[in-house]
Amino acid sequence: MSPATLQTILTAVKILLIVMVVPAIVGFVIVYAERRIMGFMQGRLGPNRVGPQGLLQGLADLVKLVTKEDLTPTRAEKVSHFLGPVLSVIPALTALALIPVGESIRIGGVETSLYVADVNVGLLFLLGITSIGVYGIILGGWASNNKFSLLGGLRSAAQLVSYEVPMGLSIVAVLLMSRSLSLVEIVRVQDRLHLWFIFPGLLSFFLYFVSGVAETNRNPFDLPEAESELVSGFNTEYSGIKFAFYFLGEYTAMIVVSSVAVTLFFGGWLAPFPHLLPGLRIVPGIVWFLIKVGFFIFCYIWFRSTFPRYRFDQLMNLGWKWLIPLSLVNIMVVAGCVLADTRHGRGLRGLGWVYTGFFILLFALSRLRRRLAAAEAR
Amino acid sequence: MSRTPEQDEADYFAARAKAAAALHNPPARTVEAPKTLFDVTEMELNFGPQHPSTHGVLRIILKVDGEKIVDAIPDVGYLHRGTEKLFETETYPMAIPHTDRMDYVAAATSNHAYCLTVEKLLGVEIPRRAQLIRVILDELQRISSHLVWLGTSGIDLGAVTPFWYCFREREQILDFFEEYCGARLTLNCMRIGGLPFDLTPRWAEAVRAFIDDFPKKIDDYETLLTDNRIWKKRTVGVGVISAEECVEWGLTGPVIRGSGVEWDLRRAQPYECYDELDFTVPTGKNGDTYDRYLVRIEEMRQSAKIIRQCLDRLEPGEIKGKVPRVIKPIAEEVYASVESPKGEIGFYLVSNGTNKPYRLHVRPPSFINLQALPRLARGHLVSDLVALIGTVDIVLGEVDR
Amino acid sequence: MTLLKKWLDKLSLLDLFDGLGVTGRHLMTKKTTIQYPEEKKEPSDRFRGMFRLDEERCIKCTLCAIECPINIIYIDWHNEKNEANKSVKVLDRFDVDLKRCMFCQLCEEACPTVPKSIWLTTKTYELATYERNEALYLDIDKLTEWDENVKPFTITEQG
């Protein structure tokens, strides 16, 4: 077999793995983790009856959703009603093709890379693909022949489109630091510079993550699907497997946002402190990657159980009036630091130290002020 | 000018014929076609009797212009059970379990108001120990009701965890009630003239231990919500009502205190032993949802303080005053009210000398506070409506009786 | 100065981090969940549960039926002569409609016997039935024999 055919077969295997493994992970691990962790944070045990410690809860949910009656409202637009969830899942799964989980592995004499495709305009492709996900929500909301769904769908569309701008702009800062749009190259640059882009890009990361949470319709930006206000918004009229698809799309988008954050800012598959703790490199890159992505998913769940919800106009205000100007300022600052030392990245390191010092100072001052105010009140 | 009976009759029949004609031949509806492509008309939505933003079966007919509310008309009556009619068919002691079921979240205060009304008519004096225990039960009920409000209000606005923390604390309070009178929600914990039971041996210490621990828990809720910028954005400036309007509409409870009027029946018209207890009545400044939230949180702290003082003053004694076996009050009208967690709950009793009341009317605080909802909601967005229903703190059992 | 403080708080997102701290701390606390039905909470002594009748103690005064706010107690009795040729009341029918009972305890309070002949402090609250008729009318056999080991409880201690 020629190497080209082998590589094609391997790519097909990797695609199959993504399409089969990721929904399984989403259904079994993330749904279970979310319910369990949210339960623990709320002072109760989450589901712990199905299987030992409730580990098979994902299976129970899957069986329930698959065997539910698949309703389509009578006067709904059938084609769009069907396409909505589909258009929500496909972009998310496609985006996973770009994300490098590790460098490369050898299995039985065959060497293959741990990403499906190393697109040299990876970041651009990602941004484009996530924009297509908006269609799924609009179609779902409109095709349901339901005023509430329509409202929810339109709101969600406006929110998603608005928050793509700060997301893109914050990624531009990373682009300046890494000089390449390819995700694999970005990790390699972080490796070469021995500097994770979180340090000079703290503000970028913050902007990216907040926009990411808004992009995936999660608390505190989950008004379009808030139960108490619009009865579940655009997915009110969906049940059974179509609802499962919307769910799947949302959680897969969560994974995509977390993975991209890890790749861009936290070194992808790199071990932390390679100089100080060389022993940590024994752990394979894929494990590091999973730990980091897992931490971000935990952050998603943590946000959901802590924060109230933004109202829609406040949400738009936040996106347009705060995040976009901040991201523009961020680009200028990072550009300046990059120009300061293009070879060794000393400017970037300086920026990282400035950020660290600034935030430590800010926290210390805030805590001090808080403590003083409490002592005064007493 | 006086009309003869024949003229009256003719008028009556004419009006009847007109109504019948209108019923059978309705005028043709003329819907004007929109003139331009962007002609905006109002959309009428049903915030129906079933919706997840609980509080009970309340239907609100919303007229919205895009997202802004033009009018919000509450349509109540889905939980009407004819309680006031039931009162007329039962003797005085039998009515107490029915008062539980009106405001089912704060049953002790409803019981208390009813018992106070009948005792006022009978002229019974309540022994001191009974007064102290009644105050303790009332304040425990206030904490419990405010915990429910805080939890559900949080969930309506997206903060899902305070609900669970509040209900965990409320479990302990419900356990106290269960140990005292046998039920957790529909208490039946007061009798005309005093109380049904005395306290069990370890009740007082258990309540004291709970009260000593409680302020830390309130600090937890406050850390999650009070300074949170998202919470503030959702509640500051939402549903502002001025003090004059509150007084005009007859609103009571935390709603009027949030607008700055220091009106609390425990201070203004003290009953039981409130006049010798030391507590502050919290008031707000702006009359918006955030102020009402702060008022209720502070009320919980003050209730803890009151309970501690009452526990300190407990001494052995009688728990029931001298009440005849068959209660037949004099034929008079009387009104007595109590500060419930929702506002002023009062009973207006018209007695005709028999052992059953002639008419017993309830002044439900939730019903009267709900009347302000259209005024509060006008101009706000649909998302704020949920916050407003929560801040008015209604219980449909009391609204509909 | 206050403006500076306000901006400091706004920038540092301290309120959000404090909130995260509260939920994070609760992640590690001991949970208060009771795993029903393997673990059950023991009701208190005064808990108003399922009612029980003791036929021998009952003097058939029908005060409980009169006091019931919902009128769900139906009592029938007739006079009979016993061995000493005295006229005693014999119970024909003592039906209580469990579906409508609100467990208010007014019947127990009205009962004049000591200890009470009808009492609710049986610590039983699991009253669901599969058939509607099982809860429709509890005839006298059902009322007196549904649980042998239940003793009447009278409240004697002072607080």
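**Entry 1: the model itself**

I note at the outset that this is a predicted model.

**Entry 2: domains of chain A**

I started with how chain A is divided. The domain assignment gives domain 1 as 19–67 and domain 2 as 69–377. I then looked up the spacing, and the C-alpha centres of domain 1 of chain A and domain 2 of chain A lie 23 Å apart.

How many residues of domain 1 of chain A are in contact with domain 2 of chain A? I found 13 residues of domain 1 of chain A in contact with 15 residues of domain 2 of chain A. On the domain 1 side, helix 1 and helix 2 (57–67) of chain A each supply at least two residues. Helix 1 of chain A has the largest share of that side, with ten residues. By class, I wrote down eleven nonpolar, one polar and one charged for the side of domain 1 that touches domain 2.

**Entry 3: chain A against chain C**

Next I turned to where chain A touches chain C. This contact takes 14 residues from chain A and 16 residues from chain C. On the chain A side, the elements that give two or more residues are helix 1 (3–41), helix 10 (285–306) and helix 12 (346–377).

Which helix of chain A gives the most to this side? Helix 12 of chain A does, with five residues. The chain A side divides into eight nonpolar, four polar and two charged residues.

**Entry 4: chain B against chain C**

**Entry 5: a helix crossing between B and C**

The axes of helix 7 (residues 203–225) of chain B and helix 2 (residues 14–27) of chain C come within 7 Å and cross at roughly 135°. Helix 7 of chain B and helix 2 of chain C are therefore oblique to each other. I also recorded that their crossing is left-handed.

Which residues meet here? From helix 7 of chain B I listed Asp220(B), Thr223(B) and Leu224(B), which meet Asp18(C), Gly19(C) and Val22(C) in helix 2 of chain C. This helix contact has two nonpolar, two polar and two charged residues.

**Entry 6: the sheet in chain B**

I moved on to strands. Chain B has an open sheet of three strands in the order 1-2-3, with antiparallel pairing. Strand 1 (43–47) and strand 3 (68–75) of chain B are the edge strands, and each pairs on one side only. The twist averages 20° from one strand to the next.

Glu44(B) stands opposite Lys63(B) in strand 2 of chain B.

**Entry 7: a hairpin in chain C**

Strand 2 (residues 73–81) and strand 3 (residues 87–96) of chain C pair in the antiparallel sense over nine bridges. Asn79(C) stands opposite Lys89(C) in strand 3 of chain C.

What is the phi of Asn85(C) in the turn? I noted a positive phi of about 65° for Asn85(C), in a hairpin with five residues between strand 2 and strand 3 of chain C.

Definitions and conventions:
Residues numbered from 1 in each chain as written. Chains lettered and ligands numbered in written order. Predicted model: local features only at pLDDT ≥ 70, side-chain atom pairs only at ≥ 80, totals over all residues. Axes fitted to C-alpha atoms, helices over the stretch in contact; angles between N-to-C directions. Helix = DSSP H or I, 4+ residues; strand = E, 2+ residues; numbered from the N terminus. Parallel < 35°, antiparallel > 145°, perpendicular 65-115°, else oblique. Left-handed = near helix turned anticlockwise from the far one by under 90°. Contact = placed C-beta atoms within 7 Å. Nonpolar A, V, L, I, M, F, W, Y, C, P; charged D, E, K, R; others polar. Pairing = 2+ DSSP bridges. Domains from an automatic or database assignment.
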